[in-house]
Amino acid sequence: MTVTQAASFVRAADRDPQDRRWSILVLLCLSLLLITVDATVLHIAVPALTAALEPSAVQLLWIIDIYSLVVAPLLIMFGTLGDKYGRKRLVLWGMVLFGLASAGAAFAPTPLTLILARALLGVGGAMIMPATLSLIRQVFTDRRERAIALGVWSAVAAAGAAVGPLIGGVLVGVWWGAVFLINVPILLVLLPAAKRLLPESRERRHRPWDAPSAVLSVVGILALAFGLKEAGSGSLMPFWASVVVFLAGLGLLVAFVRRQTRLPAPFLEIGLFRRREFTTGVAGVLLGVFALVGLQLMLAQYLQLVLGDSPVRAALRMLPLVLSAITGGLAAAHILPRVGMRATMSGGLALVALALTPTLTWGVEGHPVMLAVCFVGIGFGVQVALLAASDTIMAAAPESQAGGAAAIEETAYELGAGLGVAVLGTITTIVYAPGLPSVPGVPEGGMDKARQSLAAAAHVADEVGGSAGGALLDAARWAFVNALHTTVVVSVVLLSLTAVVVAMLLSRD
């Protein structure tokens with residue numbers, strides 16, 4: 001952000017909120033971009049981060065995943081707190097926490113410290129994100145302008161996840177901590193601009209706030225994710241214990257849902273899920289982001305650790321995904337009115353499944369043209385499906401419940417990102433570890449470490465050196481490719497089934 005742009009924000013603050021609405025939109029979208037980019041910015045940085053901190057496979061998944069998994073359950077809670085105590089106040093405190101956590105993450109000396117810093121980043125992001133949408137609804141009173149503003153918000157939310165690896169690839173070439181530290185100077189500009197620009201919202205201290213619901217949702221989702229990760233790796237507890245944790249998380253979420261049906265002012269508008277179109281739209285958002293974020297992580301590692309690309313080259317090779325996602329967002333606005341929500345959403349999901357299929361024939365050799373074609377199909381298809389799903393969600397919700405519907409959509413975005421990394425990362429780990437045989441010349445301790453992840457295997461191979469190190473890296477690359485094929489098969493099946501279900505459940509319009 002330039003000094004001129006910052007000065008324009010300050011001048012805009014002296015006008016009425018309606019007059020400065022477009023400046024407020026820019027500010028809110030920049031804040032949102034920071035939050036969504038942080039969900040995927042580490043994907044390209046995994047090899048550099050692994051070499052610097054040497055995390056285990058589970059620690060690496062938590063470093064990447066904890067951010068989205070903390071944001072998701074907290075969105076509804078902080079949305080309610082913003083309504084109760086004022087949205088502007090929540091945004092300002094969220095920015096302060098996000099900046100401090102970014103600095104802490106940049107200089108984290110151990111994997112555990114980085115996990116904790118990423119968790120605090122998630123808390124800060126969850127404080128900011130719900131207020132961005134609520135404030136847009138507050139300052140844009142004209143329905144036509146509000147539709148444009150919400151469209152921009154939706155595009156930024158989806159594009160942020162796609163552009164994260166590109167930003168990470170550029171910054172990690174300087175230093176892996178730069179992917180976090182870059183947030184600090186940006187927030188130093190955004191924070192005073194937000195203090196001057198954002199309007200105050202009416203506090204509703206009489207509004208009830210149910211602490212047990214907050215605890216049930218947060219602990220439930222985290223237990224679900226932790227149990228899933230441990231079932232795949234078993235680094236901290238035996239398999240049976242991880243299953244118990246997973247089931248406990250599931251039970252807590254069931255209790256959360258039942259509690260919402262009895263509360264006069266629930267955290268989550270469960271009644272909206274009785275509408276078939278609404279439920280289908282939420283599923284479309286969840287799976288669309290699940291596929292985008294989870295596959296980005298796997299493919300970023302494939303480019304760097306299998307094909308040998310540098311972080312910057314890998315980021316540039318993923319650029320077609322970003323550009324096609326932006327194009328898909330622009331095209332979806334024209335496609336949707338012509339072919340309808342059902343064809344747009346199911347077609348977008350089917351296109352992603354089709355674009356992934358050629359990767360099942362790839363090995364450790366490069367396919368530059370087909371790789372670009374696949375990225376174009378993934379980015380375009382995901383964004384078309386996401387915008388159609390978003391339109392379906394908002395169309396299915398009555399005006400009086402639009403805020404609750406928006407909060408559920410935001411939660412689906414973040415939960416999809418978290419589950420994408422957790423589920424697809426765990427599947428990759430389950431297949432990769434037993435697929436890497438012992439290599440002569442590599443000590444057993446080194447093999448145990450190499451079986452944790454491909455990034456760890458590359459680190460061990462570099463330490464061993466010689467022909468044994470080269471043989472280990474070759475074997476690890478093939479083991480990862482086989483694991484990637486399994487992950488892609490799971491993704492293709494899920495995407496294809498969802499496309500069929502969407503086509504069956506949504507009415508023709």
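Start by selecting P208, in the loop between helix 9 (183-197) and helix 10 (211-233). The model on your screen is predicted. P208 is partly exposed, because its relative accessibility of 47% falls between the 20% and 50% cut-offs. P208 and T80 are 128 residues apart in sequence. In space, their C-alpha atoms are 8.9 Å apart.

**The whole protein**

Zoom out. Colour by secondary structure: the protein has 19 helices and zero strands. Of its 509 residues, 57% are buried.

**Helix 14**

Select residues 319-356, which form helix 14. How far would a straight helix of 38 residues span at 1.5 Å a residue? It would span 56 Å. Helix 14 spans only 17 Å between its end C-alpha atoms. Centre the view on G340. Helix 14 has a kink of about 120° there.

Go to helix 2 (residues 21-37) and pick S31. Is S31 buried or exposed? S31 is buried, because its relative accessible area of 3% is under 20%. Show what surrounds S31. Setting aside neighbours within four places in sequence, S31 is in contact with M95, I128 and L190.

Now select I186, in helix 9. I186 is partly exposed, with a relative accessible area of 31%. Draw a distance between the C-alpha atoms of I186 and S31: they are separated by 9.3 Å. Along the chain, I186 and S31 are 155 residues apart.

**Cysteines**

Stay with helix 2 for a moment, then look at the sulfur atoms. The structure holds zero disulfides. Select C29, which is buried at a relative accessible area of 8%. Then jump to C374. It is buried too, at 4% relative accessibility.

**Aromatic pairs**

Show the aromatic side chains. A search of the whole structure finds five aromatic pairs. Take F107 and W175, one of them. Their ring centres are 5.4 Å apart. Their planes meet at 45°, so the pair is tilted. This pair links distant parts of the chain, 68 residues apart. F107 sits in the loop between helix 5 (87-106) and helix 6 (111-139). W175 sits in the loop between helix 7 (143-172) and helix 8 (178-181).

Which side of the exposure cut-off does F107 fall on? F107 is exposed, because its 54% relative accessibility is over 50%. W175 is partly exposed, at 32%.

Select F273 and F278 next. Their ring centres lie 5.3 Å apart and their planes are at 85°, so this pair is edge-to-face. Colour both residues by accessibility. F273 is partly exposed at 32% relative accessibility, whereas F278 is buried at 0%.

Ring pairs link F107, W175, W176 and F180 into a cluster.

**T428**

Move to helix 16 (residues 402-435) and select T428. T428 is buried, with 6% relative accessibility. Which residues does T428 touch, not counting residues up to four places away in sequence? They are M298, F480, A483 and T487.

**E54**

Finish at E54, in the loop between helix 3 (46-53) and helix 4 (57-85). Look at the backbone here. Phi of E54 is near 50°, a positive value in a residue other than glycine. Most residues other than glycine have a negative phi. Now look at the cover. E54 is partly exposed, because its relative accessible area of 41% lies between 20% and 50%.

Key: Residues are numbered from 1 along each chain as its sequence is written. This is a predicted model: local features need pLDDT of at least 70, side-chain atom pairs count only at pLDDT 80 or more; totals for chains, interfaces and linings use all residues. Side-chain values use heavy atoms; hydrogens and water are left out. Helices (H or I, at least four residues) and strands (E, at least two) are DSSP runs, numbered from the N terminus. Buried means under 20% relative accessible area, exposed over 50%, partly exposed in between (1.4 Å probe, protein chains only). The expected span of a helix is 1.5 Å times one less than its number of residues. The bend at a residue is the angle between axes fitted to the seven residues ending there and the seven starting there. A disulfide is a pair of cysteine sulfur atoms within 2.5 Å. Rings of Phe, Tyr and Trp (its six-membered ring) pair if their centres lie within 6.5 Å; planes under 30 degrees apart count as stacked, over 60 as edge-to-face and the rest as tilted. Contact means heavy atoms within 4.5 Å.
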